Amino acid sequence: MRTGFMAILTAVCLLGGLTACNTEETSMHSRSEIVCSDQEDEFVRLYGRTYVYDGGTAYPNAASGFAVRFFGTRLEAELCAFGEWDVGLSVMVDGETDSNAEILTLHRSGGYERTVLVRDLAEGEHTVCILKRNDSLRNTFACRALTTDGTFLQAPEQPSLKMEVYGDSITNGSGILRATDPATHTDSGEYTQRTQNALQSYAAVAAAQLGAELRIYGRGGIAMAYSTDRNTVLSNFDAVAVDLDRKRFPYDYNTWTPDVVVIYLGTNDVLISAQHDTGFTMEGLKAAYCSFLRGVIGQYYGKDIPVFLCSGMMVPDSGLGDCMEAVRAELCGEFPNLETIVFDACAIGHPVVSENKAAGEKLARAILKKLEN
């Protein structure tokens, strides 16, 4: 199994979700079309939390998507995009590890359209992975069918290590590709669909180094507990996406169990409280973290699972690092593999690619050390 962000990709591609395809009895050596519904299909590797949308599967979360193997030269899909922004998708073929090598932009249309994903490949066996670059704040894409000029093969293997990350805009790569110059303290301030790429965030870097499947929950602007938004991660963790109605779009924690959990939240709890009266206190944030760990992570994944509480890239002087350490001190008896990690502060605004790379490498080393022990 290859490593690289496409460990997630290569074994292939990350996160998932074509929540799936029809279940008719068809030989995998004669199947050239997959019609997607709400069941997993042996020909599609799913990544991320998803839900059914108009006969297909919707992917709201960053780094969600699907991977398929086929014998042929061409792959097409019925796709649609909806939300405020167009949707950016990374298309990776046969083990490509550069998420910027081939970007497909889905324009908001309100309906499904047939889209060519790859064409003119050498006839033979190929693996294609499609991953969402943007988070759930402003767009979602859905897939209703996949077609090849050849035959679909058994879905790519799943990476043996699975990593779940709860985070905000830092985790989701907001503005990661924008132009900045720390020397002159200038920042283009461009936080758009074009400059967001969750597949280069610290979480993706760490997953790539570990050869892990990555699943991200959260989005830009979200808080753990204190916010002016309707939802927080603590209040809506069991929805498919953080802003979806948990009753209409429930997430079943029994369907996927990670080997490692990473939580990088609290930045927006701090920032929003500076402008609005949310009732925020560090002691309250500590209590919210403890509640989340006990009531969600411990309940669904067990208290022995390695958990990493992150801070540092933004609002480094806010006390978030101390708060995470206080959480660890309170819960270390219950969660023996609970760790904290503090990243270097970014130079300006949100962290860019190089800063995420350094943080991701640091996180990967910490996780590897924990797993080896």
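Predicted model: local features only at pLDDT ≥ 70, side-chain atom pairs only at ≥ 80, totals over all residues.
Local features need pLDDT of at least 70 and side-chain atom pairs count only at pLDDT 80 or more, while totals for chains, interfaces and linings use all residues. Residues are numbered from 1 along each chain as its sequence is written, and side-chain values use heavy atoms, without hydrogens and water.

**View 1. The largest nonpolar core has 36 residues.** Such a core is a set of buried Ala, Val, Leu, Ile, Met, Phe, Trp, Tyr and Cys residues joined through side-chain atoms within 4.5 Å. Buried means under 20% relative accessible area (1.4 Å probe, protein chains only). Residues with the most contacts inside this core include Met163, Tyr202 and Phe343. Elements that each supply at least two of its residues include β10 (124-132), α2 (202-210) and α7 (353-372). Helix α2 gives the most, with 6 residues. Another core, of 34 residues, lies apart and includes Ile222 and Val296.

**View 2. Helices α5 (residues 282-301) and α6 (residues 320-331) cross at roughly 45°.** Helices here are DSSP runs (H or I, at least four residues), numbered from the N terminus. The axes, lines fitted to C-alpha atoms over the stretch in contact, come within 9 Å. The contact (heavy atoms within 4.5 Å) involves Met282, Leu285 and Tyr289 of α5, among others, and Leu320, Cys323 and Val327 of α6, among others.

**View 3. Leu293 lies in helix α5.** Leu293 is buried, with a relative accessible area of 0%. Not counting residues up to four places away in sequence, Leu293 touches Ile263, Gly298, Val307, Leu309, Val327, Leu331, Phe335 and Leu338. Its C-alpha atom is separated by 28 Å from that of Thr140, 153 residues apart along the chain.

Methods:
Buried < 20%, exposed > 50% of the residue type's maximum accessible area, 1.4 Å probe, protein only. Axes fitted to C-alpha atoms, helices over the stretch in contact; angles between N-to-C directions.
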